[in-house]
Every structure is written in C-alpha cells, then in structure tokens.
Amino acid sequence: MRTADRLVAQTVRRGGPWLGVLAVACVIGAFAELALPLVLGRTVDSLVASEPASGTWLGACVAIVGVTMLCDMLGIWGTGASSAQASAWLRHRTLRYVLGVGPAMTRRFPEGDLVTRIGVNAEEAGRAPEAIVTGAALLIPTAGSLVALTLIDVWLTLTLVAGLVLIALVLRAFFHVTTSIAGDYQEAQSDIATRLVDALAGSRTIAAAGTAAQEKSRVLTALPRLRTHAMDMWRANARAGVQAGVVVPLLEVAVLGVGGLRLAGGDLTVGELYSAARYVVLGAGLGAALSHVNRLARARAAAGRVVELLTERPRTYGGQPLPTGPGTLELRGVTADGLDGVDLVVPGGCSVAVVGRSGAGKSLLAALAGRLTDPLSGTVSLDGVPLPSLSPEALRQAVGYAFERPVLVGDTITDVIGLGLDDPCPETVHAAARAACADAFIRRLPLGYDTPVEDAPMSGGERQRIGLARAFAHGERLLVLDDATSSLDTVTERQVGRALAGELRGRTRLIVAHRVATAAAADRVIWLDGGRVRAYDTHRALWDDPRYRAVFTVDVS
C-alpha cells in the first residue's frame, strides 16, 4: 500500500485553497474548544465568589462559542470544496493516464471496472485530504487537554494518558481492518459495474432472447459478496465504537474520581475540577475519530485501486516529424500477443486487405499499423520512421482509423468528423463525408452538419459512414479500416470502394476484410493464419489455394 499512501499524500497537496481554510478553521476551532473549559472554570469560580469580573468571563464564554460555531461552518464548506477539488484532480490525472496508455488498458481492466475506479474510487480517494486534516485536528484538543490537566494536577494527566493508550490501540486496529474490508467492498462494486456495462452493451440481444431475468441474476452475482463485506464493515465500526464507548466513560469516571479525591484534599477548587472534567471530555474526544479513520481507510483502499491503473506503462512519443513520402508501411520482426514474427512492406498508395479466420490477428495487425498498441518486439515504421519516434500530432495527422462500431465523440456531426483536427474547416469535413457516402443523409438531418449527435438517430450503416468520414478527414498517408464497412449495404460499400480506389488512392489503405469482394478489390492481400503471415500476394493468385477460399466460406457461414 505504499504507492497508495503516496497517492493519498499527493491528493492532500491538491486540495486547493479550501483545504487551507479547512485546516485553519479546524485549528482555531480546536484552540477555542481548549479555551472554553478554562474560561468556564474561571466563570464558575468568579460566580461562586461573587467577583465583579464574572460578567467579563461570561462574555468570553459567549465569544468562544461564537468562534467555534463559525469554525464549524467554514469547516463544512471547506470539507466539501477541498474534497471536490482533490477528486477532480485525481479523476483528470487518471483519465489522462488511461487514455495515454490506450487500448492496452482495456485488455487488463474491463470497461465497468475502469469506470468504477475513475469515478467512485477516485471520489473516495479525494476525501483523504479532509479526513487527514480533520482527524489531525483532533490531536490538538487531546494534546492541549494533557497540558492543561498537567497544569491543574499531574495525577489527572496520568489517568487520562492510560485511557488514551487504549483508545489509540482500538483506532489502530480499526484502521487496518477497515482498509482491508473497504478494498474488498470496492472490488465487489466494480464486479457488478463490469457485468452491468456488458449487459447494457448487449441489451438488444438479451431482449431478443428473452433472458432479462437470467441476465439480472448474472449482473448481481457479486451482490451477496458485497453484502458480506458491507456487514463486515458495519461490524468493525460497531465493535470499535463499543470498545471506544466503553473506554471513554470509564476514563471520565476515573479522572473525576481522582479529581474528587484531590478536591476533598484541598488540592483543587470547584472550578478547576469542572475544567478538568471538560478537558477529559476533550482529551477523550480522540475516541470520536472513528468516522475520520473510517473515511481515511476507505480513501486509502480506493487510492490503492486507482494506483493499479497508474502502474500501466504509458506510450512514449518522440518529436520527429514525418518526411515527405507516399505512406509506406513496414513491419520488421513484429511480435505481439497474437502475432509472431511478422515481416511486411506495404508500398505507399497501395490498397491491402487483411484476411484470416477469427482470432488470426487481423485487428491486432491493424492496431499495430497505426500504433494503437505497440509490439512486444520488432519495429513498425511509416515512411522509414519508427512510429514511437513520431510526435502524437504527426502520427494522428498521418493515420486515420475507422472501426466496425465507431463511437461518435463530439457535440455535432461536424465535431464528430473533425475530431482531433486543429482546424476542422467545413470543406475538409464535407469532402470526407462525400467520400464516405455520408453527405446525403447528413444534409437531410434537421440542422445538417450542425445537428447535435443526440438528435441524429442513425442506423449501424450510417454510423459506420460517419466513422469512415472521420478516418478520411484525418489519415493523410495511411487509412486503417478495421471491418469498417461490415454494416454497409452492397451499393454503399461499392461506392465507398470507388472512393478508396479513386480520390483516396494516393493514401495507403490497410483494410481488415471478411468479404471476398473486398479482398478482390484490393491490390494485395495479407493472409493471416494462427498469428503468422501465411501468404502476401494478390487475391487472384491466392484464390487457387482451397485453404484461402475456405477462409471466406467459414466467415460467411
């Protein structure tokens, strides 16, 4: 948990100015609480002795109570504001890191788990600053009470110290137990979220199959485990609360008993005994730290889950620009999880189809071509420059991607197509949409290209055409189409094919294909089998091999 503790320390530094307000309010409030018993004791003594200064002492009591109330109000405001700022910083940092790692992150952590860690867990970890500040502020009344009791009578101090040792042991055990239980509870939450995200993604299939009840049971599989951890957490709270609740009253009785004996012996005044009683309550207030310890334990467990995301190695980039070139793609000795020893050269301006049975590594090869993932060994180069040496701007300007199920990110259709462009001018967006056969249906939308995405219901094929348009707007040298035409009708697919062979012909095109017509239209075909390149030739030359023909037969069936 050391890395989690370091992350907690970093969130403390990101609490913002309101964390400072909270700290000041807690410190001033703590000293006000310390001063109140003393002033109350003096007030009692002055009233008993009918001294003229009793009114002054009574006014001081009122002022201290007012300061305490003001500090409480500022503390509540500072708690909310500092926690929100720390949580926002942690969320932004984690999200940037996750996006920087790229698709490799989702291969280790399911989407629902990622959402839970970036959302709920980051929020809980962001509560650490206020838990630490408010918890630490409790030490001020405790330490001050010890000093004050020492000034009144050292025997009272020794009695209080004995009780505080027991309370500290209870809190220490509670902190370690709660941290472990909270981690298990958060893991069960994440399990439910992961299953729910999967169910939502397949909602149409579930409805068609009529398996909603079974799916509900599957999503809630971890619910008994969640309940068990919640009950364990409640029992730990209750057990620690009972232990502290027993120690604190006994401690107060013990101190008052000792104080009563000292009063009877003439070593204490009535006011001093009253002050001592109040200081015991403040000193034993360390037992009220259970809620602060609980929040800190949950924050620490949540930080441990967030830290696991930050241990993934992010992709590094160089600053090298691309030289002038036709978009030649070269893979030398490339090995990855699912591909082994790939050596290929795709000439600039060529159209190359990637075919193979399911699991052959087609999508992985496409991901390597534009550096959505990195190989375990070997190099992938574009126009002679290894992809890791390129700057992010040069890479994304040169390579355009289109996927089978494109995610439409942006407020309007124009924003979606121009996503990532420095200056998505209308001419570029419209030309890309025309090449993807999307211009006609976009213009039929209520506001055309300015139509908000949520107001533009689209079929699967129309979404694919928007995804193709986005790729065409970006990929100046290389287009990677990962099954990006699977939802298009035959006529539209032929029109897109003509655009790829016509106005987009100057770009290198790597097309993951399942249809024989797509492979036949390509200049060359990469035939993958079991993670290896079985052949790299024209479709016409490969068609004589019955095993090649069987690839398409299996896919069609």
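## Burial and the model

Buried means under 20% relative accessible area, exposed means over 50%, and partly exposed lies in between. These terms are applied here to a predicted model. Asp-5 has 34% relative accessibility, so the residue counts as partly exposed.

## Salt bridges

Side chains of opposite charge can pair when their charged atoms come close. The whole structure holds 20 salt bridges. One of them joins Arg-300 and Asp-5, at 2.7 Å from N to O. This pair links distant parts of the chain: Arg-300 sits in helix H13 and Asp-5 in helix H1, 295 residues apart. Arg-300 is buried, at 15% relative accessibility.

Asp-383 and Arg-477 also meet in a salt bridge, at 2.6 Å from N to O. They too link distant parts of the chain, 94 residues apart. Asp-383 lies in the loop between strands S4 and S5, while Arg-477 lies in the loop between helix H19 and strand S7. Asp-383 is buried at 13% relative accessibility. Arg-477 is buried at 16%. Elsewhere, a network of salt bridges links Asp-113, Arg-117, Arg-305 and Glu-308.

## A nonpolar surface patch

Trp-18, Leu-70, Met-73, Leu-74 and Trp-77 form a nonpolar patch on the surface. Together they have about 530 Å² of accessible area. Helix H3 supplies the largest share, four residues. Trp-77 belongs to helix H3. Its relative accessible area is 57%, so Trp-77 is exposed.

## The second largest pocket

This pocket has a volume of about 490 Å³. Its lining has 18 residues. Ala-104, Arg-107, Arg-313, Thr-373 and Asp-374 lie nearest the centre. The lining divides into nine nonpolar, two polar and seven charged residues.

Definitions and conventions: Residues are numbered from 1 along each chain as its sequence is written. This is a predicted model: local features need pLDDT of at least 70, side-chain atom pairs count only at pLDDT 80 or more; totals for chains, interfaces and linings use all residues. Side-chain values use heavy atoms; hydrogens and water are left out. On a 1 Å grid over the protein atoms alone, a cavity is a set of points where a 1.4 Å probe fits but cannot get out, and a pocket is an open set with protein on both sides within 12 Å along at least five of seven lines; lining residues have an atom within 4 Å of a point. Grid points are joined across faces, edges and corners, and a volume is the space filled by probe spheres set on the points. Ala, Val, Leu, Ile, Met, Phe, Trp, Tyr, Cys and Pro count as nonpolar, Asp, Glu, Lys and Arg as charged, and the others, Gly among them, as polar. Patches are made of residues with over 30% relative accessible area and no salt bridge: like charges are joined within 9 Å, nonpolar side chains (Val, Leu, Ile, Met, Phe, Trp, Tyr) within 5 Å. Accessible areas come from the Shrake-Rupley method with a 1.4 Å probe; for residues, only the protein chains shown count as cover. A salt bridge is a side-chain nitrogen of Lys or Arg within 4 Å of a carboxyl oxygen of Asp or Glu. Helices (H or I, at least four residues) and strands (E, at least two) are DSSP runs, numbered from the N terminus. Buried means under 20% relative accessible area, exposed over 50%, partly exposed in between (1.4 Å probe, protein chains only).
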